[in-house]
Amino acid sequence: MFENVFTSEKKLGFGLMRLPLLDSNDSGSVDIETLKGMVDSFIEQGFTYFDTAWMYCAFKSEEAVKEALVSRYPRDKFTLATKLHAGFLNSAEDMDRIFNEQLRKTGAEFFDYYLVHDINSHSINKYNRFDIWSWIQDKKEKGLVKHIGFSFHDGPELLDEVLTAHPFFEFVQIQLNYLDWNSAGVQSKKCYDICVKHNKPVITMETIKGGLLSNISPEAEKLYKEYNADMSVSSWAVRFAASLENVKIVLSGMSTPEQLADNTSYMRDFRPLNKEEQELVSRVTEIIESENAIPCTGCSYCTDGCPMNIAIPKYFSAYNGEKKENPDGSKGWTPSSEYYDNLAANFGKASECIACGQCEAICPQHLPVIENLKLVTKTFEK
């Protein structure tokens, strides 16, 4: 039904959330001249997909798109995606107000792809209240949007519910990378499988996990370099996602010309991972996971009988991801913090642990679960 959504696109998409800056302390100070050069290189090599959103780069990304892309290229030379987030909606009227402002800011006349941004167990209540489902279909019927989809940071159960209730969506954007593929928190594989079940093409985000999979441990990096010294560490993450059959676009937030040159070098003529390379990625994943702050295996023995219904392995997975991606706590929003908040809407919070000890008595790894939950609380319940 939706096989023609991405037929003209190469698999690499330009994520416009982390752009080159004039001032590293000001996320809105986009270096337009550097960005123009990156856009030119991207298009010259046959890539077309650009992804932005209302609040990226301190609300400046969409304006940067107009200056570096839309005003410099014919409209049929690129495709543009943007998004509408529940956090900025206080009334149904806000949907039209923001959408019209996005058209003005980008100068795009229409959007090739438009996404309901970040459907999760919290935001879906607001989306239901304002009936964004009818609203976004109306935008497509009027020709202001060619294809409609949504981005998602939550579990496979909710994803299945959303796609069952709203089958008109043409694609789904999910967090997907080899470290999160089998994680208890993000559950990339399970979410991917739900998309396959519903016959929805997938766009991947956090493909390099916020840069984490570009800066792995020396032991893990050595395996990659021994196999192919010319391939960058990050290329393995991008190719892992792009090798999945139902993945149509792999987003990468490229903030320097060097990052763009690296990504395009192996994605111009994309070659999927072979069996030997897939096994290598699995070995690297094992090394990275062995370095987790909390060495939880996700067996879930601890959750059976927990009187507070605390999602212990899922919280530990989110904590491990946070400590890798945001070790000093300097970042604001992170995917791991959002996954924690979404899980806490349906399970007991880490802070609600009553220290009964049943979890520690049954844990095969003999982990200090109660103390670890205090670490989770300190990290996510600020």
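Select Phe-14 first: leaving aside neighbours within four places in sequence, Phe-14 is in contact with Leu-19, Leu-35, Met-38, Val-39, Phe-42, Tyr-49, Phe-50, Asp-51, Leu-251, Ser-252, Met-254 and Leu-260. Contact here means heavy atoms within 4.5 Å.

Before moving on, note that this is a predicted model, where local features need pLDDT of at least 70, side-chain atom pairs count only at pLDDT 80 or more, and totals for chains, interfaces and linings use all residues. Residues are numbered from 1 along each chain as its sequence is written, and side-chain values use heavy atoms, with hydrogens and water left out.

**Stop 1**

Phe-14 sits in strand E1 (residues 12-15). Helices (H or I, at least four residues) and strands (E, at least two) are DSSP runs, numbered from the N terminus. Is Phe-14 buried or exposed? Phe-14 is buried, with a relative accessible area of 0%. Buried means under 20% relative accessible area, exposed over 50%, and partly exposed in between (1.4 Å probe, protein chains only).

**Stop 1: His-153 and Asp-118**

Select His-153, in the loop between strand E5 (145-152) and helix H7 (156-165). His-153 counts as buried, at 5% relative accessibility. Not counting residues up to four places away in sequence, His-153 touches Asp-118, Ile-119, Asn-120, Gln-175, Met-205, Trp-333, Pro-335, Glu-338, Tyr-339 and Asn-342.

Go to Asp-118 in that list. His-153 and Asp-118 are 35 residues apart along the chain, with C-alpha atoms separated by 6.0 Å. Asp-118 belongs to strand E4 (residues 111-119). Asp-118 also counts as buried, at 5% relative accessibility. Check the backbone here: phi of Asp-118 is near 60°, a positive value in a residue other than glycine.

Glu-206 also has a positive phi, about 50°, although it is not a glycine. Find Glu-206 in the loop between strand E7 (202-205) and helix H9 (218-227). Glu-206 is buried, with a relative accessible area of 11%.

**Stop 2: H7 on H8**

Show H7 with helix H8 (residues 188-197): the two pack at an angle of about 20°, with their axes 9 Å apart. Axes are lines fitted to C-alpha atoms, for helices over the stretch in contact, and angles run from 0 to 180 degrees between N-to-C directions. H7 and H8 are therefore roughly parallel to each other. Angles under 35 degrees count as roughly parallel, over 145 as roughly antiparallel, 65 to 115 as roughly perpendicular and the rest as oblique.

The H7 and H8 crossing is right-handed. A crossing is right-handed if the near helix is turned clockwise from the far one by less than a right angle, and left-handed if anticlockwise. Pick out Pro-156, Leu-159, Asp-160 and Leu-163 of H7, which meet Lys-190, Cys-191, Ile-194, Cys-195 and Lys-197 of H8.

**Stop 3: H13 and its two partners**

Move to helix H13 (residues 312-325) with helix H16 (residues 369-380). Their angle is about 55° and their axes are 10 Å apart. H13 and H16 are therefore oblique to each other. H13 passes H16 in a left-handed crossing. On the H13 side, the contact includes Ile-312, Tyr-315 and Phe-316; on the H16 side, it includes Val-369, Leu-373 and Phe-380.

Finish with H13 and helix H14 (residues 335-344), which pack at about 160° with axes 8 Å apart. H13 and H14 are therefore roughly antiparallel to each other. Their crossing is left-handed. Select Lys-314, Tyr-315, Ala-318, Gly-321, Glu-322 and Glu-325 in H13; they meet Pro-335, Ser-336, Ser-337, Tyr-340, Leu-343 and Ala-344 in H14.
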